[in-house]
Amino acid sequence: MAAPINETRAGTASKTGAGGRDEFDRITAAWLLDKAVQVLVFIGGISAIIFIIGIFVFITREGFGFAVGKLDWGQFLTSPRWRPTSEYNPTYGILAMIAGTASVTGLAMIVAIPFSLGAAIFIAEFATGKTREALKVLVELLAAIPSVVWGFIGLTIMNPLIIDLFDVPVGLTVLNAGIILGLMAAPIMTSIAEDALKAVPDRYREAAEALGATRGQIVFRVVLPAAKNGLLGAVLLGVGRGFGETMAVLMATGHAINIPDSIFDSVRALTATIAAELGETAVGSEHYQALFTIGIFLFVITFIINLAADLIVRGIRKG
Amino acid sequence: MDARVDQAPAIEDVAIETRNLNLWYGTFQALFDVDLDIRRGMITSLIGPSGCGKSTFLRSINRINERLGYVTTEGTINVLGNDVYRASVNLTQLRKHVGMVFQRPNPLPLSIRDNIIFSYKLHAQDRNRLHRSEQDEIVETALRQVLLWDTVKDRLDNSATQLSLEEQQKLCIARLLPVQPSVLLMDEPCSALDPAGTNAVEELIWELRENYTILIVTHNMAQARRASEECIFMLLGKVVEHSRTDEMFVTPAQKETADYIEGRYG
């Protein structure tokens, strides 16, 4: 930014005194442009924060009155009965949906952790040259697949496959959604885990190699322990993704309110409930507000998970 | 020391022998026909201006050079009579016998204890777990050898990366010792240290010379002069002179050596 200002000054130097302008007058076109750019960047920077706060305020306002007044939180968190449309006795229990989201996310992590950590270790520590670049591009492409496409895969490919393979009546189950969600979360987890492995200084690898460690020993005894915070952060971000994912789980879980006994049970996720029911409710009704309360609940949970992930990832930078 | 460099030393006196060693980084040739006999149980220093190939030479002895991936080597390097570039060479074994100390202290991000025991565990013959008491003994012995035991004995489980640079470098030397290497390669081991640290580490290296063959790359001619018994001067990838340190610094045989020692370039 300094260079253009100096140029302008040099340009105006000959016009000293013209129009009452001093040679050292700082208000020049370049200075004004610089100020304008600064203001624009500042607005751009804080707008993200303003939007997030706005969303939080909106969700809270719609659900808050209900959440602190009418809602029985004990029932909300411990009852598996979600009957918002019952005429005489509507009940709002989200336990079954918590169980649904948790079971799908848990299975997704079981699927995603070995794939993503394995891929990250391979890309960061073993692959070289073109293989490495190709894999990185591929992982990013996978991360860009829209969730509705994953849901579609769950509905049309996984569903009949599960019915055939395991001889069960329904294929839209925890298993289906867990696998789909695991595959969805794996690319982003791979990226972050790879960053964590890359952040391990190369001199550690060199030191271990000079001591006689093999590639595998370097990875498992030096690099992974050194990167453990970053890897944990990657897993937590995957968990956050699992909690927040909507479309794919809506399509692949079967959307049945049910506390699952096995991975072959259909379930319903918190997010999918909001997505499926919000359009059907009267604005401002109890049901509408209950859905927003689920929104607040999800917001808080994902916020905590992401914050934890962020703090853990930051932890490695400092240590 | 009765070193007669001009005459070919007896085979058993030679720890590292190179013949026609040529090395390329991609298409850039970094070493030209290096023939050297580095004597056993002695400190030999490698001096020369930046980029003369002294670190490259050092790093080709334990083949750590190869991690770059674009290095080509021709010729032979014999360490204790074994050609290290033979196809069947096990790098783990090679590096057990040839330890290396780097320019910047590079303790692993583990505890002090685990740093010392790391290579021992890698090279342990039997797969049985070491008893804690055996481990403690190995750790204590190694740390005593580098004169670090008294300062760190109460914080063996602390992270090694929190030690001072001098302590870290001593630890990096100590962690080589439990597997009883024959050769220690040191790549400017004091260049990251302050004068007091340099002194302490130099003294330590001097103490170790009895039991190990030490090859040390240095930028610091005063260090080469006071802390080595033989000296090799390299220039542009070639060995210019190899003689006893006191001879080289008093009566250099080559004009380039004399010019370098007197500081006309470098």
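Helices and strands here are DSSP runs, numbered from the N terminus. The notes below use those labels, and they concern a predicted model.

1. **E188(B), a buried loop residue.** E188(B) sits in the loop that joins β7 (183-187) to α7 of chain B. Its burial is set by a count: 20 other C-beta atoms lie within 10 Å, and 20 or more is the cut-off for buried. Beyond four places in sequence, E188(B) contacts Q103(B), V217(B), T218(B) and H219(B). S45(B) is 143 residues away along the chain, yet the two C-alpha atoms are 10.0 Å apart.

2. **The α6/α7 pair of chain B.** Helix α6 (residues 165-174) packs on helix α7 (residues 195-208), both in chain B. The angle is about 15° and the axes are 9 Å apart. Angles under 35 degrees count as roughly parallel, so α6(B) and α7(B) fall in that class. Their crossing is right-handed.

3. **What meets at that contact.** From α6(B) come L165(B), E166(B), Q169(B), K170(B) and I173(B). From α7(B) come G197(B), A200(B), V201(B) and L204(B). By class, that gives five nonpolar, two polar and two charged residues.

4. **The largest nonpolar core.** This core has 145 residues. I180(A) and M189(A) have the most contacts inside it. Helix α7 (residues 174-198) of chain A gives the largest share, 16 residues. Nonpolar side chains tend to be buried together in soluble globular proteins.

5. **Around I180(A).** Residues up to four places away in sequence are set aside here.

6. **Helix α8 of chain A.** This helix spans residues 202-210. Its buried residues are Y204(A), R205(A), A207(A), A208(A), E209(A) and A210(A). They pack against α9 (215-226) of chain A, and also against α2 (91-97) and β6 (98-101) of chain B. After α8(A) comes G212(A), with a positive phi near 105°.

7. Outside four places in sequence, A208(A) is in contact with A213(A), I218(A) and V222(A), and with L108(B) from chain B.

8. Most residues other than glycine have a negative phi. N20(B) is not a glycine, yet its phi is positive, at about 50°. N20(B) belongs to strand β1 (residues 14-25) of chain B. With 11 other C-beta atoms within 10 Å, N20(B) is exposed; 12 or fewer is the cut-off for that class.

9. **Positive phi in a loop of chain B.** L147(B), also not a glycine, has a positive phi near 60°. L147(B) is in the loop between α4 (132-145) and α5 (149-152) of chain B. Its count is 15 other C-beta atoms within 10 Å, so L147(B) is partly exposed.

Technical notes
Residues are numbered from 1 along each chain as its sequence is written. Chains are lettered from A and ligands numbered from 1 in the order in which they are written. This is a predicted model: local features need pLDDT of at least 70, side-chain atom pairs count only at pLDDT 80 or more; totals for chains, interfaces and linings use all residues. Helices (H or I, at least four residues) and strands (E, at least two) are DSSP runs, numbered from the N terminus. Axes are lines fitted to C-alpha atoms, for helices over the stretch in contact, and angles run from 0 to 180 degrees between N-to-C directions. Angles under 35 degrees count as roughly parallel, over 145 as roughly antiparallel, 65 to 115 as roughly perpendicular and the rest as oblique. A crossing is left-handed if the near helix is turned anticlockwise from the far one by less than a right angle, and right-handed if clockwise. Two residues are in contact if their C-beta atoms, placed from the backbone, lie within 7 Å. Ala, Val, Leu, Ile, Met, Phe, Trp, Tyr, Cys and Pro count as nonpolar, Asp, Glu, Lys and Arg as charged, and the others, Gly among them, as polar. A nonpolar core is a set of buried Ala, Val, Leu, Ile, Met, Phe, Trp, Tyr and Cys residues joined through C-beta atoms within 7 Å.
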